[in-house]
Amino acid sequence: MSARDDDVYIVGAARTAFGRYDGEDNELAEQAVRAALDDAGIIWSDVQFAVGGTNGETKPDNLVSRLGLTGLPFVTVKNGCATGGVALMTARNGLIADAADIACVVGYDNHARGAFNASPTRYGIGDWFGQTGMMVTTSYFALKIQRYLHDHGIDPRTLGYASEKAFAYASHHPYAWRRTPVSVDEAMDADMINDPLTRFMFCSPDAGAVSLVLARGRRAFDMCDRPVRLASVALRGRRPGSFEVFSTWLSPGERTSPSIDAARAAFAAAGITPADVQVAQLQDTESGAEIIHLAETGLVEHGAQTAAYENGDFSITGRLPVNTDGGLLANGEPVGASGLRQVHEVVRQLQGRADGQQVPGAPSIGFTHVYGAPGISACTVLMAEGE
Amino acid sequence: MTVQVVDETLFHSLDPVLLRGSACASCGAHVFPAMGSCPMCTGTDVADVALPAEGRVWSWTTQHFEPKPPFRTDSFAPFSIGYVDLGPVIVEGWLVGRTQWTIGEPVRLVLAHAWTEGDASIHTFAFESAGAAR
(Lines give C-alpha, C1' and ligand atoms only; values in the text may rest on other atoms or scores of the structure.)
Protein backbone atom coordinates (compact mmCIF):
# COMPACT_ATOMS: atom_id res chain seq x y z
CA MET A 1 0.00 0.00 0.00
CA SER A 2 1.48 3.30 -1.00
CA ALA A 3 -0.20 6.28 0.55
CA ARG A 4 -0.66 9.37 -1.59
CA ASP A 5 0.20 12.73 -0.08
CA ASP A 6 -3.41 13.83 -0.03
CA ASP A 7 -4.75 10.65 1.56
CA VAL A 8 -5.87 11.34 5.11
CA TYR A 9 -5.96 8.64 7.77
CA ILE A 10 -7.30 8.32 11.27
CA VAL A 11 -4.42 7.20 13.45
CA GLY A 12 -5.84 7.81 16.92
CA ALA A 13 -9.34 7.68 18.37
CA ALA A 14 -10.76 8.08 21.86
CA ARG A 15 -14.03 8.93 23.55
CA THR A 16 -15.33 9.49 27.02
CA ALA A 17 -18.29 7.64 28.43
CA PHE A 18 -21.49 9.47 27.46
CA GLY A 19 -24.13 10.42 30.01
CA ARG A 20 -24.41 13.05 32.75
CA TYR A 21 -21.25 15.01 33.58
CA ASP A 22 -20.91 17.47 36.46
CA GLY A 23 -17.59 19.04 35.51
CA GLU A 24 -16.54 21.71 33.04
CA ASP A 25 -17.15 21.20 29.32
CA ASN A 26 -13.51 21.90 28.53
CA GLU A 27 -12.36 19.35 31.09
CA LEU A 28 -14.42 16.70 29.31
CA ALA A 29 -12.96 17.71 25.95
CA GLU A 30 -9.42 17.64 27.34
CA GLN A 31 -9.90 14.04 28.54
CA ALA A 32 -10.85 12.93 25.03
CA VAL A 33 -7.98 14.81 23.35
CA ARG A 34 -5.35 13.44 25.70
CA ALA A 35 -6.66 9.90 25.23
CA ALA A 36 -6.65 10.28 21.44
CA LEU A 37 -3.10 11.63 21.49
CA ASP A 38 -2.06 8.65 23.62
CA ASP A 39 -3.80 6.32 21.18
CA ALA A 40 -1.79 7.84 18.33
CA GLY A 41 1.41 7.82 20.36
CA ILE A 42 2.00 11.58 20.06
CA ILE A 43 1.88 14.66 22.28
CA TRP A 44 0.01 17.94 21.77
CA SER A 45 3.05 19.75 20.41
CA ASP A 46 3.12 17.28 17.49
CA VAL A 47 -0.30 18.52 16.34
CA GLN A 48 -0.14 21.08 13.51
CA PHE A 49 -3.81 21.82 12.94
CA ALA A 50 -6.83 21.45 15.23
CA VAL A 51 -10.59 21.65 14.88
CA GLY A 52 -13.06 21.69 17.74
CA GLY A 53 -16.85 21.51 17.65
CA THR A 54 -19.49 22.19 20.27
CA ASN A 55 -23.06 23.37 20.20
CA GLY A 56 -22.67 24.94 23.66
CA GLU A 57 -21.33 28.26 24.87
CA THR A 58 -17.70 27.31 25.53
CA LYS A 59 -14.92 28.08 23.07
CA PRO A 60 -13.22 24.95 21.71
CA ASP A 61 -10.20 26.95 20.54
CA ASN A 62 -9.53 27.92 24.14
CA LEU A 63 -8.68 24.27 24.84
CA VAL A 64 -5.11 25.35 24.06
CA SER A 65 -5.00 26.91 27.53
CA ARG A 66 -5.24 23.37 28.91
CA LEU A 67 -3.37 21.46 26.21
CA GLY A 68 -0.50 23.81 25.45
CA LEU A 69 0.14 27.17 23.77
CA THR A 70 1.90 25.80 20.73
CA GLY A 71 0.65 28.48 18.35
CA LEU A 72 -1.21 26.06 16.10
CA PRO A 73 -4.25 27.13 14.06
CA PHE A 74 -7.41 25.95 15.85
CA VAL A 75 -10.72 26.23 13.98
CA THR A 76 -14.08 26.15 15.77
CA VAL A 77 -17.18 24.71 14.09
CA LYS A 78 -20.81 24.86 15.16
CA ASN A 79 -23.14 23.06 12.75
CA GLY A 80 -25.81 21.55 14.99
CA CYS A 81 -26.09 17.77 14.84
CA ALA A 82 -23.64 17.70 11.92
CA THR A 83 -20.91 19.44 13.95
CA GLY A 84 -18.75 16.32 14.26
CA GLY A 85 -18.82 15.57 10.56
CA VAL A 86 -18.05 19.16 9.68
CA ALA A 87 -15.17 19.23 12.17
CA LEU A 88 -13.70 16.12 10.61
CA MET A 89 -14.08 17.52 7.11
CA THR A 90 -12.47 20.80 8.16
CA ALA A 91 -9.47 18.99 9.62
CA ARG A 92 -9.05 16.85 6.52
CA ASN A 93 -9.23 19.89 4.28
CA GLY A 94 -6.77 21.70 6.51
CA LEU A 95 -4.22 18.89 6.20
CA ILE A 96 -4.55 18.79 2.44
CA ALA A 97 -4.63 22.54 1.84
CA ASP A 98 -1.80 23.39 4.23
CA ALA A 99 0.25 20.26 3.50
CA ALA A 100 0.35 19.64 7.23
CA ASP A 101 0.90 16.11 8.53
CA ILE A 102 -1.01 15.83 11.80
CA ALA A 103 -4.37 17.22 12.88
CA CYS A 104 -6.49 16.76 15.97
CA VAL A 105 -10.29 16.92 15.98
CA VAL A 106 -12.42 17.17 19.10
CA GLY A 107 -16.15 17.39 19.60
CA TYR A 108 -17.95 17.75 22.92
CA ASP A 109 -21.03 19.01 24.68
CA ASN A 110 -22.59 18.90 28.13
CA HIS A 111 -26.30 19.60 27.77
CA ALA A 112 -28.96 20.34 30.36
CA ARG A 113 -31.66 17.70 30.92
CA GLY A 114 -34.72 17.53 28.73
CA ALA A 115 -35.52 18.26 25.11
CA PHE A 116 -33.62 21.05 23.40
CA ASN A 117 -35.38 24.39 23.68
CA ALA A 118 -34.67 26.31 20.52
CA SER A 119 -35.40 30.00 20.15
CA PRO A 120 -37.75 30.92 17.26
CA THR A 121 -35.80 34.13 16.70
CA ARG A 122 -32.54 32.24 16.13
CA TYR A 123 -34.26 30.35 13.34
CA GLY A 124 -35.84 33.47 11.87
CA ILE A 125 -39.37 32.45 12.85
CA GLY A 126 -41.94 34.62 14.66
CA ASP A 127 -42.51 34.23 18.40
CA TRP A 128 -45.93 32.72 17.67
CA PHE A 129 -44.31 29.46 16.58
CA GLY A 130 -42.81 28.88 20.03
CA GLN A 131 -45.75 30.36 21.93
CA THR A 132 -48.14 27.88 20.30
CA GLY A 133 -45.93 24.89 21.14
CA MET A 134 -44.65 24.01 17.69
CA MET A 135 -40.98 24.89 18.30
CA VAL A 136 -40.40 21.36 19.61
CA THR A 137 -37.87 18.98 18.08
CA THR A 138 -39.73 15.84 19.17
CA SER A 139 -42.89 16.80 17.30
CA TYR A 140 -40.85 17.39 14.14
CA PHE A 141 -39.42 13.88 14.26
CA ALA A 142 -42.86 12.44 14.95
CA LEU A 143 -44.48 14.31 12.06
CA LYS A 144 -41.71 13.20 9.71
CA ILE A 145 -41.82 9.49 10.59
CA GLN A 146 -45.63 9.46 10.71
CA ARG A 147 -45.69 10.55 7.09
CA TYR A 148 -42.80 8.27 6.10
CA LEU A 149 -44.49 5.17 7.57
CA HIS A 150 -47.64 6.13 5.64
CA ASP A 151 -45.84 6.74 2.33
CA HIS A 152 -43.98 3.43 2.39
CA GLY A 153 -46.55 1.23 4.12
CA ILE A 154 -44.23 0.47 7.04
CA ASP A 155 -45.57 -1.23 10.19
CA PRO A 156 -45.11 1.15 13.17
CA ARG A 157 -43.74 -1.82 15.12
CA THR A 158 -40.55 -1.29 13.13
CA LEU A 159 -39.92 1.66 15.46
CA GLY A 160 -39.73 -0.85 18.30
CA TYR A 161 -37.27 -2.98 16.38
CA ALA A 162 -34.90 -0.03 16.06
CA SER A 163 -35.09 0.68 19.80
CA GLU A 164 -34.55 -2.96 20.76
CA LYS A 165 -31.47 -3.18 18.53
CA ALA A 166 -29.93 0.00 19.92
CA PHE A 167 -30.19 -1.00 23.56
CA ALA A 168 -29.07 -4.57 22.81
CA TYR A 169 -25.83 -3.23 21.30
CA ALA A 170 -25.41 -0.76 24.14
CA SER A 171 -25.71 -3.50 26.76
CA HIS A 172 -22.30 -4.70 25.51
CA HIS A 173 -20.67 -1.27 25.16
CA PRO A 174 -18.70 0.15 28.09
CA TYR A 175 -19.08 3.82 27.06
CA ALA A 176 -22.79 3.87 26.14
CA TRP A 177 -25.14 5.69 28.48
CA ARG A 178 -28.33 3.62 28.50
CA ARG A 179 -27.25 -0.02 28.66
CA THR A 180 -30.39 -1.80 29.83
CA PRO A 181 -31.96 -3.95 27.13
CA VAL A 182 -35.46 -2.94 26.02
CA SER A 183 -37.82 -5.38 24.30
CA VAL A 184 -39.90 -4.45 21.27
CA ASP A 185 -43.05 -4.64 23.40
CA GLU A 186 -41.55 -2.43 26.10
CA ALA A 187 -40.59 0.13 23.48
CA MET A 188 -44.04 0.07 21.86
CA ASP A 189 -45.94 0.20 25.17
CA ALA A 190 -43.85 2.94 26.84
CA ASP A 191 -45.23 6.43 27.51
CA MET A 192 -46.17 8.21 24.31
CA ILE A 193 -44.06 11.35 23.77
CA ASN A 194 -45.23 12.38 20.29
CA ASP A 195 -47.32 9.86 18.34
CA PRO A 196 -46.04 7.45 17.06
CA LEU A 197 -42.85 7.81 19.14
CA THR A 198 -42.59 6.61 22.75
CA ARG A 199 -40.08 7.33 25.48
CA PHE A 200 -37.79 4.46 24.40
CA MET A 201 -37.65 5.77 20.83
CA PHE A 202 -35.93 9.10 21.54
CA CYS A 203 -32.35 9.93 22.42
CA SER A 204 -31.74 12.52 25.12
CA PRO A 205 -29.27 15.39 25.15
CA ASP A 206 -26.37 14.48 27.49
CA ALA A 207 -22.61 14.92 27.90
CA GLY A 208 -19.62 13.43 26.16
CA ALA A 209 -16.47 14.11 24.17
CA VAL A 210 -14.70 12.36 21.30
CA SER A 211 -11.34 13.09 19.73
CA LEU A 212 -9.57 11.81 16.63
CA VAL A 213 -6.00 12.23 15.41
CA LEU A 214 -5.56 12.48 11.64
CA ALA A 215 -2.38 12.07 9.67
CA ARG A 216 -1.67 12.76 6.01
CA GLY A 217 0.16 10.53 3.56
CA ARG A 218 2.91 8.12 4.56
CA ARG A 219 3.23 9.66 7.99
CA ALA A 220 0.06 7.76 8.97
CA PHE A 221 1.80 4.42 8.53
CA ASP A 222 4.72 5.53 10.68
CA MET A 223 2.34 6.37 13.50
CA CYS A 224 -0.20 3.57 13.40
CA ASP A 225 -0.19 -0.16 12.63
CA ARG A 226 -3.69 -0.06 11.22
CA PRO A 227 -4.56 3.45 10.03
CA VAL A 228 -8.09 3.90 8.72
CA ARG A 229 -8.33 5.94 5.53
CA LEU A 230 -10.89 8.72 5.41
CA ALA A 231 -11.83 7.76 1.87
CA SER A 232 -14.39 10.55 1.60
CA VAL A 233 -16.33 13.07 3.58
CA ALA A 234 -19.22 15.03 2.10
CA LEU A 235 -21.39 17.79 3.54
CA ARG A 236 -24.66 18.86 1.95
CA GLY A 237 -27.44 21.31 2.77
CA ARG A 238 -31.13 21.14 1.99
CA ARG A 239 -32.72 21.70 -1.38
CA PRO A 240 -36.37 22.48 -2.18
CA GLY A 241 -38.58 19.60 -1.09
CA SER A 242 -36.70 18.63 2.06
CA PHE A 243 -38.61 18.26 5.36
CA GLU A 244 -36.66 19.97 8.10
CA VAL A 245 -37.14 20.84 11.75
CA PHE A 246 -39.11 24.03 12.55
CA SER A 247 -40.69 24.27 9.10
CA THR A 248 -43.83 26.42 9.13
CA TRP A 249 -44.58 25.11 5.63
CA LEU A 250 -43.50 22.40 3.21
CA SER A 251 -43.61 22.31 -0.55
CA PRO A 252 -45.86 19.71 -2.18
CA GLY A 253 -44.30 17.22 -4.56
CA GLU A 254 -41.07 15.30 -4.54
CA ARG A 255 -39.28 15.01 -1.21
CA THR A 256 -35.55 15.59 -1.19
CA SER A 257 -33.08 15.23 1.68
CA PRO A 258 -29.59 16.47 2.42
CA SER A 259 -28.87 12.93 3.67
CA ILE A 260 -29.56 11.51 0.21
CA ASP A 261 -27.26 14.07 -1.38
CA ALA A 262 -24.44 13.76 1.16
CA ALA A 263 -24.47 9.95 1.08
CA ARG A 264 -24.39 9.86 -2.72
CA ALA A 265 -21.51 12.31 -2.79
CA ALA A 266 -19.55 10.37 -0.18
CA PHE A 267 -20.01 7.03 -1.97
CA ALA A 268 -19.09 8.55 -5.33
CA ALA A 269 -15.95 10.22 -3.98
CA ALA A 270 -14.85 6.97 -2.35
CA GLY A 271 -15.56 4.96 -5.49
CA ILE A 272 -17.87 2.48 -3.79
CA THR A 273 -21.61 1.76 -3.61
CA PRO A 274 -23.83 1.37 -0.55
CA ALA A 275 -23.79 -2.41 -1.10
CA ASP A 276 -20.05 -2.42 -0.32
CA VAL A 277 -20.55 -1.13 3.25
CA GLN A 278 -19.81 -3.66 6.00
CA VAL A 279 -20.44 -1.58 9.12
CA ALA A 280 -22.44 1.66 9.37
CA GLN A 281 -23.42 4.45 11.73
CA LEU A 282 -26.59 6.41 11.02
CA GLN A 283 -28.15 9.43 12.74
CA ASP A 284 -30.79 7.85 14.99
CA THR A 285 -32.01 10.87 16.93
CA GLU A 286 -35.08 8.73 17.35
CA SER A 287 -36.04 5.29 16.05
CA GLY A 288 -37.80 6.74 13.03
CA ALA A 289 -34.68 8.59 11.94
CA GLU A 290 -32.75 5.33 11.70
CA ILE A 291 -35.53 3.80 9.59
CA ILE A 292 -35.57 6.81 7.24
CA HIS A 293 -31.80 7.13 7.04
CA LEU A 294 -31.26 3.45 6.23
CA ALA A 295 -33.08 4.18 2.97
CA GLU A 296 -31.98 7.76 2.33
CA THR A 297 -28.33 6.72 2.45
CA GLY A 298 -29.03 3.90 -0.01
CA LEU A 299 -28.20 1.05 2.38
CA VAL A 300 -31.76 -0.38 2.25
CA GLU A 301 -34.71 0.11 -0.11
CA HIS A 302 -37.57 2.31 1.06
CA GLY A 303 -40.15 -0.01 2.61
CA ALA A 304 -37.73 -2.92 3.08
CA GLN A 305 -36.68 -1.88 6.59
CA THR A 306 -39.15 -4.01 8.56
CA ALA A 307 -38.11 -7.27 6.93
CA ALA A 308 -34.45 -6.36 7.31
CA TYR A 309 -34.80 -5.79 11.06
CA GLU A 310 -36.82 -9.01 11.40
CA ASN A 311 -34.08 -10.85 9.50
CA GLY A 312 -31.41 -9.55 11.87
CA ASP A 313 -29.59 -7.76 9.04
CA PHE A 314 -28.44 -4.93 11.33
CA SER A 315 -27.29 -7.06 14.28
CA ILE A 316 -23.64 -7.90 14.96
CA THR A 317 -23.68 -11.06 12.83
CA GLY A 318 -26.05 -9.65 10.18
CA ARG A 319 -25.49 -8.46 6.66
CA LEU A 320 -24.87 -4.86 7.73
CA PRO A 321 -24.34 -4.12 11.43
CA VAL A 322 -25.75 -0.64 12.13
CA ASN A 323 -25.06 1.60 15.12
CA THR A 324 -22.98 -1.06 16.87
CA ASP A 325 -22.35 1.15 19.91
CA GLY A 326 -26.07 1.71 20.49
CA GLY A 327 -26.22 4.88 18.40
CA LEU A 328 -27.74 8.08 19.67
CA LEU A 329 -30.64 6.19 21.21
CA ALA A 330 -28.34 4.58 23.77
CA ASN A 331 -25.49 7.11 23.86
CA GLY A 332 -27.61 10.24 24.01
CA GLU A 333 -26.63 13.26 21.99
CA PRO A 334 -23.89 15.59 23.10
CA VAL A 335 -24.34 17.42 19.82
CA GLY A 336 -20.72 18.38 19.15
CA ALA A 337 -19.44 14.89 19.97
CA SER A 338 -22.07 12.74 18.32
CA GLY A 339 -20.78 12.65 14.75
CA LEU A 340 -17.26 11.90 15.92
CA ARG A 341 -18.60 9.11 18.16
CA GLN A 342 -19.89 7.48 14.99
CA VAL A 343 -16.48 7.73 13.32
CA HIS A 344 -14.76 6.51 16.48
CA GLU A 345 -16.94 3.40 16.58
CA VAL A 346 -16.43 2.56 12.90
CA VAL A 347 -12.66 3.16 13.12
CA ARG A 348 -12.36 0.75 16.02
CA GLN A 349 -14.54 -1.83 14.24
CA LEU A 350 -12.31 -1.59 11.15
CA GLN A 351 -9.21 -1.94 13.34
CA GLY A 352 -10.65 -5.04 15.01
CA ARG A 353 -10.66 -3.45 18.45
CA ALA A 354 -14.28 -2.52 19.06
CA ASP A 355 -15.09 -1.35 22.59
CA GLY A 356 -18.35 -3.31 22.55
CA GLN A 357 -19.33 -6.13 20.23
CA GLN A 358 -16.85 -6.64 17.38
CA VAL A 359 -18.27 -7.16 13.89
CA PRO A 360 -16.88 -10.58 12.82
CA GLY A 361 -15.04 -11.22 9.56
CA ALA A 362 -12.60 -8.28 9.67
CA PRO A 363 -14.78 -5.62 8.00
CA SER A 364 -12.78 -3.18 5.88
CA ILE A 365 -15.38 -0.64 4.64
CA GLY A 366 -17.42 1.56 6.98
CA PHE A 367 -19.85 4.44 6.59
CA THR A 368 -21.07 7.20 8.90
CA HIS A 369 -23.97 9.63 8.54
CA VAL A 370 -25.00 12.65 10.61
CA TYR A 371 -28.02 14.79 9.98
CA GLY A 372 -29.32 17.84 11.75
CA ALA A 373 -30.87 21.27 11.87
CA PRO A 374 -31.50 23.28 9.83
CA GLY A 375 -31.20 20.62 7.12
CA ILE A 376 -27.59 19.50 6.74
CA SER A 377 -25.94 16.12 6.52
CA ALA A 378 -22.35 14.93 6.57
CA CYS A 379 -21.29 11.42 5.54
CA THR A 380 -17.97 9.63 5.55
CA VAL A 381 -16.59 6.49 4.00
CA LEU A 382 -13.83 4.84 6.04
CA MET A 383 -11.54 2.08 4.79
CA ALA A 384 -9.18 -0.17 6.71
CA GLU A 385 -5.82 -0.48 4.97
CA GLY A 386 -2.76 -2.44 5.91
CA GLU A 387 0.73 -1.34 4.87
CA MET B 1 -63.06 39.21 26.88
CA THR B 2 -61.58 40.54 23.68
CA VAL B 3 -60.15 38.24 21.05
CA GLN B 4 -56.64 38.88 19.74
CA VAL B 5 -54.47 36.78 17.47
CA VAL B 6 -50.93 35.57 18.15
CA ASP B 7 -49.51 37.46 15.20
CA GLU B 8 -51.60 39.56 12.81
CA THR B 9 -49.10 39.13 9.98
CA LEU B 10 -50.09 35.46 9.72
CA PHE B 11 -53.56 36.36 8.51
CA HIS B 12 -54.96 37.65 5.23
CA SER B 13 -58.28 38.26 7.00
CA LEU B 14 -59.90 37.27 10.29
CA ASP B 15 -63.54 37.20 9.11
CA PRO B 16 -63.51 34.97 7.21
CA VAL B 17 -60.32 33.56 8.68
CA LEU B 18 -57.71 33.12 5.95
CA LEU B 19 -53.95 32.66 6.22
CA ARG B 20 -51.63 35.05 4.42
CA GLY B 21 -48.89 33.36 2.42
CA SER B 22 -46.86 34.56 -0.49
CA ALA B 23 -46.61 33.29 -4.05
CA CYS B 24 -43.64 33.54 -6.38
CA ALA B 25 -44.35 35.02 -9.81
CA SER B 26 -41.38 33.18 -11.29
CA CYS B 27 -41.87 29.57 -10.13
CA GLY B 28 -45.34 29.61 -8.57
CA ALA B 29 -44.17 28.36 -5.18
CA HIS B 30 -46.34 29.28 -2.19
CA VAL B 31 -44.90 29.73 1.30
CA PHE B 32 -46.28 30.48 4.76
CA PRO B 33 -45.93 32.91 6.47
CA ALA B 34 -45.44 35.43 3.66
CA MET B 35 -41.84 36.18 2.72
CA GLY B 36 -40.15 38.85 0.63
CA SER B 37 -38.29 36.39 -1.58
CA CYS B 38 -38.72 32.85 -2.84
CA PRO B 39 -36.62 30.15 -1.09
CA MET B 40 -37.45 27.67 -3.85
CA CYS B 41 -36.11 29.54 -6.89
CA THR B 42 -34.41 32.50 -5.12
CA GLY B 43 -36.70 34.92 -7.05
CA THR B 44 -37.76 38.21 -5.50
CA ASP B 45 -40.97 38.86 -7.47
CA VAL B 46 -43.36 37.59 -4.80
CA ALA B 47 -46.81 38.76 -3.73
CA ASP B 48 -49.00 38.12 -0.70
CA VAL B 49 -51.90 35.70 -1.24
CA ALA B 50 -54.76 34.28 0.81
CA LEU B 51 -54.17 30.53 1.21
CA PRO B 52 -56.97 27.98 0.75
CA ALA B 53 -58.94 27.42 3.96
CA GLU B 54 -59.57 23.71 3.40
CA GLY B 55 -57.16 20.86 3.01
CA ARG B 56 -56.21 17.36 4.13
CA VAL B 57 -54.08 16.10 6.99
CA TRP B 58 -50.64 15.41 5.50
CA SER B 59 -49.08 14.26 8.80
CA TRP B 60 -49.97 14.59 12.47
CA THR B 61 -48.73 14.00 16.01
CA THR B 62 -50.01 14.70 19.49
CA GLN B 63 -47.81 16.65 21.88
CA HIS B 64 -47.96 14.67 25.14
CA PHE B 65 -45.56 16.77 27.24
CA GLU B 66 -45.74 20.47 27.95
CA PRO B 67 -43.25 22.39 25.80
CA LYS B 68 -40.78 24.67 27.55
CA PRO B 69 -41.27 28.48 27.38
CA PRO B 70 -41.96 30.50 25.30
CA PHE B 71 -44.93 28.09 25.03
CA ARG B 72 -48.00 29.78 26.54
CA THR B 73 -51.04 28.00 27.93
CA ASP B 74 -53.72 28.50 30.59
CA SER B 75 -53.46 24.84 31.58
CA PHE B 76 -51.64 22.17 29.59
CA ALA B 77 -53.42 19.23 28.04
CA PRO B 78 -52.05 17.10 25.19
CA PHE B 79 -52.78 18.72 21.84
CA SER B 80 -52.38 17.70 18.21
CA ILE B 81 -50.38 19.42 15.55
CA GLY B 82 -50.08 18.50 11.94
CA TYR B 83 -49.12 19.48 8.46
CA VAL B 84 -52.15 20.24 6.32
CA ASP B 85 -51.96 19.99 2.54
CA LEU B 86 -53.75 23.07 1.25
CA GLY B 87 -52.88 22.37 -2.38
CA PRO B 88 -50.21 24.92 -3.33
CA VAL B 89 -48.48 24.58 0.07
CA ILE B 90 -48.42 22.30 3.12
CA VAL B 91 -48.85 24.33 6.35
CA GLU B 92 -48.04 23.34 9.95
CA GLY B 93 -50.68 24.14 12.55
CA TRP B 94 -52.81 22.90 15.41
CA LEU B 95 -55.35 20.16 14.79
CA VAL B 96 -58.21 20.80 17.25
CA GLY B 97 -61.13 18.74 18.52
CA ARG B 98 -59.35 15.42 19.18
CA THR B 99 -55.93 13.83 19.61
CA GLN B 100 -56.00 10.98 17.05
CA TRP B 101 -56.02 11.73 13.33
CA THR B 102 -55.75 9.96 9.99
CA ILE B 103 -53.52 11.06 7.14
CA GLY B 104 -55.72 12.22 4.25
CA GLU B 105 -58.76 13.29 6.25
CA PRO B 106 -60.30 16.66 5.35
CA VAL B 107 -59.90 19.64 7.68
CA ARG B 108 -60.80 23.33 7.59
CA LEU B 109 -59.16 26.46 8.97
CA VAL B 110 -60.52 27.98 12.21
CA LEU B 111 -59.34 30.25 15.02
CA ALA B 112 -58.68 28.54 18.37
CA HIS B 113 -58.03 29.92 21.86
CA ALA B 114 -54.35 29.55 22.76
CA TRP B 115 -53.94 31.37 26.09
CA THR B 116 -55.43 34.17 28.20
CA GLU B 117 -53.54 37.43 28.65
CA GLY B 118 -55.27 39.88 31.00
CA ASP B 119 -58.69 40.53 29.49
CA ALA B 120 -57.72 39.13 26.12
CA SER B 121 -58.15 35.66 24.70
CA ILE B 122 -55.19 35.08 22.40
CA HIS B 123 -56.18 32.99 19.40
CA THR B 124 -54.08 31.13 16.87
CA PHE B 125 -54.95 29.48 13.59
CA ALA B 126 -55.90 25.81 13.70
CA PHE B 127 -57.59 23.14 11.64
CA GLU B 128 -60.69 21.19 12.65
CA SER B 129 -62.22 18.06 11.15
CA ALA B 130 -64.31 18.67 8.05
CA GLY B 131 -65.74 15.16 7.73
CA ALA B 132 -64.66 11.56 7.41
CA ALA B 133 -61.44 10.39 5.78
CA ARG B 134 -61.40 9.58 2.10
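**Domains, Core and Chain Contact**

Visitor: What distance separates the centres of domain 1 and domain 2 of chain A, taken over C-alpha atoms?

Guide: This is a predicted model, in which local features need pLDDT of at least 70 and side-chain atom pairs count only at pLDDT 80 or more, while totals for chains, interfaces and linings use all residues. Residues are numbered from 1 along each chain as its sequence is written, and chains are lettered from A and ligands numbered from 1 in the order in which they are written. The domain assignment (bounds from an automatic or database domain assignment) gives domain 1 as 8–113 + 207–228 and domain 2 as 129–202 + 231–384 of chain A. The separation of their centres is 24 Å.

Visitor: Which element gives the largest share of the side of domain 1 of chain A that touches domain 2 of chain A?

Guide: The contact (C-beta atoms, placed from the backbone, within 7 Å) takes 34 residues from domain 1 of chain A and 33 residues from domain 2 of chain A. On the domain 1 side, two or more residues each come from strand E1 (8–15), helix H3 (83–98), strand E4 (102–110) and strand E7 (207–216) of chain A. Helices (H or I, at least four residues) and strands (E, at least two) are DSSP runs, numbered from the N terminus. The largest share, eight residues, belongs to H3(A).

Visitor: What is the radius of gyration of chain A, and why does this value agree with a compact globule?

Guide: The radius is taken over C-alpha atoms, and the globule rule is 2.2 Å times the number of residues to the power 0.38. Because chain A has 387 residues, a compact globule would have a radius near 21 Å, and the value for chain A agrees. The C-alpha atoms fill a box of roughly 50 × 45 × 40 Å along the principal axes. The radius of gyration of chain A is 20 Å.

Visitor: Which residues touch the most other members of the largest nonpolar core?

Guide: A residue is buried if 20 or more other C-beta atoms lie within 10 Å of its own, exposed if 12 or fewer, and partly exposed in between, with C-beta atoms placed from the backbone. A nonpolar core is a set of buried Ala, Val, Leu, Ile, Met, Phe, Trp, Tyr and Cys residues joined through C-beta atoms within 7 Å. Buried residues make up 59% of the 387 residues in chain A. In the largest core, of 162 residues, the members that touch the most others are Val105(A) and Leu214(A).

Visitor: From which domains of chain A does this core draw at least three residues each?

Guide: Leaving aside neighbours within four places in sequence, Val105(A) is in contact with residues including Val51(A), Ala87(A), Leu214(A) and Leu340(A). The core draws at least three residues from each of domain 1 and domain 2.

Visitor: Which element gives the most to the side of chain A that touches chain B?

Guide: 27 residues of chain A are in contact with 33 residues of chain B. Elements giving two or more residues to the chain A side are helix H4 (127–131), helix H5 (137–152), strand E5 (192–194) and strand E9 (249–250) of chain A. With six residues, the element that gives the most is H5(A).

Visitor: Which residue of E8(B) stands opposite Leu250(A)?

Guide: Strands pair if DSSP finds at least two bridges between them. E9(A) and strand E8 (residues 90–96) of chain B run antiparallel and are joined by two bridges. Opposite Leu250(A) stands Ile90(B).

Visitor: How many of the residues of E7(B) are buried?

Guide: Strand E7 (residues 79–85) of chain B pairs in the antiparallel sense with E6(B) over seven bridges and with E8(B) over six bridges. Phe79(B), Ile81(B), Tyr83(B) and Asp85(B) point one way from E7(B), and Ser80(B), Gly82(B) and Val84(B) the other way. E7(B) is largely enclosed by the rest of the structure because its buried residues number seven of the seven.

Visitor: Which residue of E7(B) does Trp60(B) stand opposite?

Guide: Strand E6 (residues 54–63) of chain B is mostly covered, with nine of its ten residues buried. Elsewhere in its pairing with E7(B), Gln63(B) has Phe79(B) as bridge partner. Trp60(B) stands opposite Gly82(B).

Key. Contact = placed C-beta atoms within 7 Å.
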